[in-house]
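This report describes selected features of a predicted model. The sequence and structure are shown first.

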Amino acid sequence: RLPAGSVYVLIILLALTVSFKSVRNNYQPIRLLRQDDSMERYGNDIMASIPPNAIVTLGDDTSLNAFSYLYYVQRKRQDITFLDYNLFDREFYRNRMMKRYPALKFPAYAGVDTLSDYIEKFILANYADTPVISGGFVIPAQAFWVPHGLVSVFYKTLDEIPERAIIIEKNVRLWNSFSNPLDGLLGTYRHLLLEDILSGYAQRRLIFAQALVYYKKHDEAKN
């Protein structure tokens, strides 16, 4: 039977061995993150999808973080009005946005309003003056969200939607200009901090493919 002191030493050595293996296995991918610009390129592709002077909200954390870094830190695309619809039920946020964007119309928040109700009222009050863009929200539901690269553009009625050929041409041009997310670290290692970028591209590409199927462009949808 081993002395208690020897058992403690063995436990410590085992823990150090496991820790060393973990560090060795993860050091290279983590080191490569310092030189990887996948998130920045994703953010640039989102910005490229947004028309000038648009009102923008984004739904998922990955898109939000990629966009926010370029918008707030690098000060890119300052023509965009960037809002967080999730905070519209907070009076302090609405007041702050009213001061920052005095040209926007912020309807009164009625006591019976849900967050979805207010988002719909806000969009309907502003979309006639400036494009309303979403990367995730589809409120109001009784309207039309047309794919435009990595985002969607709001239209209240069918008559307002551009011709199908124009929609397809704009989307094809955007997708051809986007970076390949597999050109960076994700091409060799599916890092958990970056892997959701692939889902972002895939989901938006699927939405465009669904539109192509609706337009009876089946061959184009397969690509």
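By residue class, the lining of the largest pocket consists of 11 nonpolar residues, 1 polar residue and 1 charged residue.

On the surface, Tyr69, Tyr72 and Val73 form a nonpolar patch, and together these residues have about 310 Å² of accessible area. Val73 belongs to helix α3, which covers residues 61-73. Val73 counts as exposed because its relative accessibility is 56%, and the cut-off for that class is over 50%.

Asp37 is found in the loop that lies between α1 (4-33) and α2 (38-48). With a relative accessibility of 36%, Asp37 counts as partly exposed, a class that lies between the limits of 20% and 50%. Asp37 and Gly184 are 147 residues apart along the chain, yet their C-alpha atoms are separated by 7.1 Å.

The accessibility of the two residues discussed individually is set out below.

| Residue | Relative accessibility | Class |
|---|---|---|
| Val73 | 56% | exposed |
| Asp37 | 36% | partly exposed |

Note on methods. Residues are numbered from 1 along each chain as its sequence is written. This is a predicted model: local features need pLDDT of at least 70, side-chain atom pairs count only at pLDDT 80 or more; totals for chains, interfaces and linings use all residues. Side-chain values use heavy atoms; hydrogens and water are left out. Patches are made of residues with over 30% relative accessible area and no salt bridge: like charges are joined within 9 Å, nonpolar side chains (Val, Leu, Ile, Met, Phe, Trp, Tyr) within 5 Å. Accessible areas come from the Shrake-Rupley method with a 1.4 Å probe; for residues, only the protein chains shown count as cover. A salt bridge is a side-chain nitrogen of Lys or Arg within 4 Å of a carboxyl oxygen of Asp or Glu. Helices (H or I, at least four residues) and strands (E, at least two) are DSSP runs, numbered from the N terminus. Buried means under 20% relative accessible area, exposed over 50%, partly exposed in between (1.4 Å probe, protein chains only). Ala, Val, Leu, Ile, Met, Phe, Trp, Tyr, Cys and Pro count as nonpolar, Asp, Glu, Lys and Arg as charged, and the others, Gly among them, as polar.
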